[in-house]
Amino acid sequence: MTSSAEPNSADNPYPVRTVAMMVKGWIDKLGTVWVEGQIAQMNVRPNSSTAYITLRDPAADMSLQITCPRELVHNAPVKLTEGTQVIMLGRPNFFVGRGTFSLRVNQIRAVGVGELLARIERLRQLLHAEGLFDPRLKRPIPFLPDTIGLITGRASAAERDVMTVATGRWPAARFEVRNTVVQGPNAVPQIVEALRDLDRDAAVDVIVIARGGGSVEDLLPFSDETLCRAIAACTTPVVSAVGHEPDNPLCDLVADLRTATPTDAAKRVVPDAAAEQALVTDLRRRSAQALRNWVHREQHTISQLRSRPVLAQPLAALTARAEEIHRARATARRDISRLVGAESDRIGHLSARLSTLGPAATLARGYAVVQTLPAAEVLRSTGDAPAGTRLRVRVADGAVTATSQGIEGH
C-alpha cells in the first residue's frame, strides 16, 4: 500500500483497492439513516435470502438501491408493491468488490393515510402561499377547441368516458391522446412529459388529465409538487378530471378547471351540438318574435299618429283659420286706410295753415319784401338804407330793383 507520507499525485496514484476502502470508510461513518420514498422496483428471488428494491424520490428523478432480508419484505406492515410509500431504516453500505452503493435496511414502515393527508395539506398551503391557486391565473376554456389533448391510462374507463361523451356531444371533436401510467412511481414523470409535449403542440387548445377514482395512495401522483408546478407552467388551459366527486387532489386546485369526473370534463370541454342547435333555433324564434312585436308596435304608433286630426286632415286647420285671416286682413286694411286718411287730412290742414301764414300768401295780399343789395339782407330799418342803397323789392309775381332816395319825412 502506498505510504501515507507520500502525497497523492499523478506520479503517486492510489490503487483501486485503496480508493474503495477509503470510500467505504467514509460511508461507514454515516451510521444509520431513516429514508422515505416510493418503491419503484422490487426483486425478491425465491432462492435468495436478500431482496433488492429500488426506492425512488417522488419529487425528483433520483433513486437509491436498497437491500434487505427477504423475511423483512414478507413481514412488512403493508403489502409492498411498486408505488407503495414506505419509510426505511438502514445503513449506507459500499461494496468494495463491485464499487456499488446501497442501503442495507433492517426496518420497513408504511406511511399511514393520516400522514399522507398531512403532507398533502402542507404542500397545499405552500402552493397556496405561492399563488398557484389564484383564480386570476385561471385561463378560460375555449368554447369549441380545435384539438383536445387527453392524458390518461391506456384503455382506461376514463379515456373511454371522455372520448365517448365528447364525440357524442360534438361529433367533430378531435383528440391527441397520451397514454401514461396513472399511479405508482413512474406516473409523475410520464404525466409531466405528456403534459409538456401537448403544451408544445400549437394545435391543442385544451388539455384534460383524466383518471378514475381510487384510494389516497392511488391518487398520490396527482398531488405531487412536480406535477402541480408543471400544470401551473402550462400555457394551454388544463382541465383536471381526476377521481370522483369526493376526491380532491392538489392538481384540481392548480388546474384552470376542476371537474368532478372524466364524464363531467367531456361535458365542460365541448358544447352539446343538439343543445346548441336548439339554442340557435330558440334564439331565432325569439328574435323573429321580437321583430314582429316591434313592427306591430310601430304600426300601432303610426296608426295612432295618422288618426289624429292634424295628420288625418292637415289642411283643415288652415281652412278653419282662413276666414279669420281674411277678417284680420280686412280689419287691418280698414284701420290702415282710416289712419292714412286721418293723417292726410291733418297734413292738408297743416299745409293750408302753413300756406296762410307763409310769406307767399302775405305777398299775395299786396305786401312786399325789401332786401339790400348785394348782401340780400331783409331791410328792417330805414337806417339800413341810406340814399343810394340798391334795393331788391320782391312782390307776389316777382322782384324789381330800386335805389334808395334817402329817408322821407314823417
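The following dialogue goes through how some terms apply to this predicted model.

Tutor: This is a predicted model, in which local features need pLDDT of at least 70 and side-chain atom pairs count only at pLDDT 80 or more, while totals for chains, interfaces and linings use all residues. Residues are numbered from 1 along each chain as its sequence is written, and side-chain values use heavy atoms, with hydrogens and water left out.

Student: Why are α5 and α6 called roughly parallel to each other?

Tutor: Axes are lines fitted to C-alpha atoms, for helices over the stretch in contact, and angles run from 0 to 180 degrees between N-to-C directions. Angles under 35 degrees count as roughly parallel, over 145 as roughly antiparallel, 65 to 115 as roughly perpendicular and the rest as oblique. α5 and α6 pack at about 5°, with axes 10 Å apart, and are therefore roughly parallel.

Student: Which residues of α5 and α6 meet?

Tutor: Contact means heavy atoms within 4.5 Å. Val188, Ile191, Val192, Leu195 and Asp199 in α5 meet Thr226, Leu227, Ala230, Ile231 and Ala233 in α6. Helices (H or I, at least four residues) and strands (E, at least two) are DSSP runs, numbered from the N terminus.

Student: What makes β9 largely enclosed by the rest of the structure?

Tutor: Buried means under 20% relative accessible area, exposed over 50%, partly exposed in between (1.4 Å probe, protein chains only). Five of the five residues of β9 are buried, so the strand is largely enclosed. Val238, Ser240 and Val242 lie on one side, and Val239 and Ala241 on the other. In a regular strand, side chains alternate between the two faces of the sheet.

Student: How do you know that β8 and β9 pair?

Tutor: Two strands pair if DSSP finds at least two bridges between them. β8 and β9 have five bridges, in the parallel sense. Ile207 stands opposite Val238, and Val208 opposite Val239. β9 is also joined to β10 by two bridges, with Val239 opposite Leu257.

Student: What makes β7 and β10 edge strands?

Tutor: The open sheet has the order β7-β6-β8-β9-β10, and β7 (175-179) and β10 (257-258) each pair on one side only.

Student: What makes a set of residues a nonpolar core?

Tutor: A nonpolar core consists of buried Ala, Val, Leu, Ile, Met, Phe, Trp, Tyr and Cys residues joined through side-chain atoms within 4.5 Å. The largest has 31 residues, and Leu195 is among those touching the most other members. α5 gives the largest share, seven residues. A second, separate core of 17 residues includes Phe175 and Val208.
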